[in-house]
Every structure is written in structure tokens, then in C-alpha cells.
Amino acid sequence: MIKFEMMKKILYIIAAAAALLLGTSCQKDSDAMAAKLAADWHYTAQENGVTEDVWVSFATDGTFEMYQQVWSFDYELYTGKYVITGDVMTGTYADGSNWACGYKVNVVDGQLTMYSQEDQSVTSLYEKCTIPEEIKAEASTTRAMEVVPFL
């Protein structure tokens with residue numbers, strides 16, 4: 001009976017150590033992806049042909065700013081926080097509402113590809129570049145219910 005209890009404790013310690021190592025590995029992957037993602041990005045295309053002018057800036061501290069042209073030539077500013085778990089990014093706007101879905105993200109050679117995690121998967125492509133100051137200057141902050149943000 002004592003040997004069984006001892007074996008049980010040893011197995012528990014091994015399982016806990018393995019979980020800790022796996023968690024550390026996933027965190028390193030998430031941190032590496034966050035470092036690649038930390039930049040300004042311009043939306044260039046979507047698999048289904050949707051054309052909108054969207055600029056987004058992801059910071060290493062887990063915050064984002066998105067400038068989106070909505071129903072006119074004016075830009076709206078959306079801010080909030082994002083989280084990366086492995087290669088999946090989710091986010092919340094400053095008003096507490098969630099993004100429409102999570103996105104599997106991939107960054108290669110100045111290109112960001114975001115794969116929608118909805119049932120109807122959509123692929124969005126972004127190019128790394130600096131958000132023009134005139135867009136930042138003209139953007140008004142909003143999160144009106146009738147305006148649907150891009151993410």
C-alpha cells in the first residue's frame with residue numbers, strides 16, 4: 001500500500017513537471033508570435049474579395065489600434081487588447097466587446113496572414129508598413145453600435 005501511494009506521488013510530480021514544461025513552451029511560442037506581430041499593418045486583401053481600408057498596429061504590451069474607413073472617406077479609431085495563445089489571436093475592444101472571432105496568425109517576410117476561426121473560414125492578408133500620420137490625425141474615436149469593426 002505504501003509503495004502504491006509513493007508511485008502515485010511520483011507520477012503526480014512527473015505529470016506536474018510535464019505540464020509546466022508544456023506551458024512554458026506554449027508561452028514562448030506566444031511570445032515569439034507577439035514579437036513578430038508587433039508592428040503596423042495595412043490590410044491588402046481578403047480571400048472572398050472584400051475591399052476595405054484598414055490599418056492596424058499591434059504593440060508588444062498586448063494593445064492594438066485599428067484605423068478603419070467606415071461608410072465614407074473618414075477613418076474611425078478602435079482600440080483594445082489582444083492575446084496570443086500559440087498561434088491564435090483573440091481580442092477585446094476598449095468598450096469590452098469581443099472581436100467577431102479568433103484568428104490563427106502567421107507572419108512571414110513582412111506579410112501577416114490572419115485565418116478566421118469561424119465556421120466559414122476567411123483569410124485576410126496584411127502588409128507591414130507604417131500607418132500614415134494623416135490617417136491617425138483624421139481618425140475619430142468611436143465604437144458606435146451601427147459600425148461593425150473589421151476584426
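How many helices and strands are there in the protein? There are 2 helices and 9 strands. Helices (H or I, at least four residues) and strands (E, at least two) are DSSP runs, numbered from the N terminus. Along the sequence they follow the pattern α-β-β-β-β-β-β-β-β-α-β.

This is a predicted model, in which local features need pLDDT of at least 70 and side-chain atom pairs count only at pLDDT 80 or more, while totals for chains, interfaces and linings use all residues. Residues are numbered from 1 along each chain as its sequence is written, and side-chain values use heavy atoms, with hydrogens and water left out.

Confidence comes next. pLDDT is the predictor's confidence in each residue, from 0 to 100. Its mean over the protein is 79, and 66% of the residues reach 70 or more. Over residues 17–26, pLDDT stays under 50. For that stretch the model has 1 contact (heavy atoms within 4.5 Å) beyond four places in sequence.

Now the interior. Of the 151 residues, 36% are buried. Buried means under 20% relative accessible area, exposed over 50%, and partly exposed in between (1.4 Å probe, protein chains only). A nonpolar core is a set of buried Ala, Val, Leu, Ile, Met, Phe, Trp, Tyr and Cys residues joined through side-chain atoms within 4.5 Å. The largest such core has 24 residues, and L37, W41, F58, M89 and L112 touch the most other members. Elements that each supply at least two residues of this core include α1 (2–37), β2 (54–58) and β4 (75–85). Another core lies apart from it, with 7 residues, among them W55, Y67, L77 and A139.

L37 touches F58, Y82, I84, M89, V107 and L112, not counting residues up to four places away in sequence. Two of these partners, F58 and Y82, also form a ring pair. Rings of Phe, Tyr and Trp (its six-membered ring) pair if their centres lie within 6.5 Å; planes under 30 degrees apart count as stacked, over 60 as edge-to-face and the rest as tilted. The centres of F58 and Y82 are 5.2 Å apart and their planes stand at 75°, so this pair is edge-to-face. F58 lies in strand β2 and Y82 in strand β4, so the pair ties together parts 24 residues apart in sequence. F58 is buried at 2% relative accessible area, and Y82 is buried at 6%. Elsewhere, ring pairs link F64, Y78, Y93, W99 and Y103 into a cluster.

Last, E138 in helix α2 (residues 133–138). E138 is partly exposed, because its relative accessibility is 41%. Beyond four places in sequence, E138 contacts F73, D74 and Y75.
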